[in-house]
Amino acid sequence: MNLIEYNKSVEQHADGMFRFILKNIKDEDKARDIVQDSFEKLWRNVENVNFQKVKSYLFTTAYHTMIDLIRREKRKEDFEKVDVREYSHSNQYTDLKEILDWALDQLSEIQRSVILLRDYEGYSYQEIAKITDLNESQVKVYIYRARKHLKKYLGSIESLV
């Protein structure tokens, strides 16, 4: 890959990577850092990455960097983290996005990642398998279970509006 192809990959994939990471960790600054780290790793490995496969490389790198960050943060004790929903009342919700985000938060990390890659970013099962280091049948099972959980949690769309 040359400099022109590297710059083209930044233009084509930075926004999609940012959206994917942001949906998973809900922190814009950390999402930007992960995207930046992923492009830095690509730059360090630019001679070994084929431009045709750069999208898969970037999303795989971003996914693994995000998982590493999540694991590091789980080890830390965070006494300032308070679930605001426990102290607030909610008789009526009209914000569907908030409800969907909360429902996605109820999924496990891997279920949330595969459902976001499939339904939000439009990746195929094969691409998701490469990104997450799972086999294709595992990806399908995780997506099925995530959708089943979301359906059970959300019920019908009419009950939300």
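Visitor: Is K26 buried or exposed, or in between?
Guide: K26 is partly exposed, with a relative accessible area of 37%. Buried means under 20%, exposed over 50% and partly exposed in between, using a 1.4 Å probe and protein chains only.

Visitor: What am I looking at, a predicted model or something else?
Guide: This is a predicted model, where local features need pLDDT of at least 70, side-chain atom pairs count only at pLDDT 80 or more, and totals for chains, interfaces and linings use all residues. Residues are numbered from 1 along each chain as its sequence is written, and side-chain values use heavy atoms, leaving out hydrogens and water.

Visitor: Where is K26 found?
Guide: K26 is in the loop between α1 and α2; helices are DSSP runs of H or I, at least four residues, numbered from the N terminus. Its phi is near 60°, a positive value in a residue other than glycine.

Visitor: And D133, what is its phi?
Guide: The phi of D133 is positive, about 60°, although D133 is not a glycine. D133 lies in the loop between α6 and α7 and is exposed, with a relative accessible area of 56%.

Visitor: New topic. Which residues does I25 touch?
Guide: Not counting residues up to four places away in sequence, I25 touches K30, A31, I34, M66, L69 and I70. Contact means heavy atoms within 4.5 Å.

Visitor: Which residues make the contact between α5 and α6?
Guide: From α5 they are I110, V114, L117 and R118, and from α6 they are Y125, I128, I131 and T132.

Notes: Helices (H or I, at least four residues) and strands (E, at least two) are DSSP runs, numbered from the N terminus.
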